[in-house]
Amino acid sequence: MPNETTKLKLKKPLLTEAADIDVINENMDLLDAAIPTQIILSNFSVSKGNFKANDEAPTGKEDDTSGYPYYGDYAIQGMTDDISLESFTFSKASADAGAVNGVIRTMDGKIRIYADSLPTADVGIASMSYWMV
């Protein structure tokens with residue numbers, strides 16, 4: 001009877017057991033499923049109509065976003081609040097407009113973009129990448 005690894009429950013045959021290709025393949029499938037998938041989105045925009053007054057209560061935490069007067073949400077299927085946002089780049093026009101400041105929060109089903117002023121045009125996102133676990 002093989003031992004198992006603690007986290008992924010991979011089968012570890014005993015030294016007295018012959019190698020079994022089916023067991024090796026099962027282990028490889030478990031490893032493949034455990035590796036996160038990188039998602040890359042590019043060239044999309046958040047409508048200026050999606051931005052509204054920020055009514056979030058101060059949290060006192062380092063990443064407190066209550067100080068930004070506006071935010072806009074963009075729905076992304078499968079997004080969760082614990083996703084690792086790797087990179088996020090506004091389009092040149094949106095960056096030059098200056099309303100948005102690059103503070104992004106991932107939430108269940110959406111991203112939230114915080115702004116110092118109400119955008120006068122749709123906010124373009126040149127690229128965004130994150131990891132789905």
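This note goes through a predicted model of one protein chain, point by point.

1. Ground rules. Residues are numbered from 1 along each chain as its sequence is written, and side-chain values use heavy atoms, with hydrogens and water left out. In this predicted model, local features need pLDDT of at least 70 and side-chain atom pairs count only at pLDDT 80 or more, while totals for chains, interfaces and linings use all residues.

2. Confidence. The protein chain averages a pLDDT of 84 (the predictor's confidence in each residue, from 0 to 100). A score of at least 70 is reached by 92% of the residues. Strand S7 (residues 100-107) has the lowest confidence, with a mean of 75. S2 has the highest, at 93.

3. Helix H1. This helix covers residues 21-34. Helices (H or I, at least four residues) and strands (E, at least two) are DSSP runs, numbered from the N terminus. The end C-alpha atoms of H1 are 20 Å apart, which agrees with the 20 Å that its 14 residues should span at 1.5 Å a residue. The expected span is 1.5 Å times one less than the number of residues. Asp-20 caps the N-terminal end: one of its side-chain oxygens lies 2.9 Å from the backbone nitrogen of Asp-22.

4. A nonpolar patch. Ile-21, Ile-24 and Met-28 make a nonpolar surface patch of about 290 Å². Met-28 sits in H1. An α-helix has 3.6 residues a turn, so residues three or four places apart point the same way. Patch residues have over 30% relative accessible area and no salt bridge; like charges are joined within 9 Å, nonpolar side chains (Val, Leu, Ile, Met, Phe, Trp, Tyr) within 5 Å. A salt bridge is a side-chain nitrogen of Lys or Arg within 4 Å of a carboxyl oxygen of Asp or Glu. Areas come from the Shrake-Rupley method with a 1.4 Å probe; for residues, only the protein chains shown count as cover.

5. Asp-73. This residue lies in strand S5 (residues 70-75). At 15% relative accessibility, Asp-73 is buried (under 20%; exposed is over 50%, partly exposed in between). Its side chain makes polar contacts with the side chains of Lys-110, at 3.3 Å, and Arg-112, at 2.7 Å. Such a contact is a pair of N or O atoms within 3.5 Å; within protein, one must be able to donate a hydrogen and the other to accept it, and residues adjacent in sequence count only if both atoms are side-chain atoms.

6. Positive phi. Lys-9 is not a glycine, yet its phi is about 60°. Lys-9 is in the loop between strands S1 (3-4) and S2 (11-12). Asn-43, in strand S3 (residues 37-46), has a phi near 50°.

Notes: Buried < 20%, exposed > 50% of the residue type's maximum accessible area, 1.4 Å probe, protein only.
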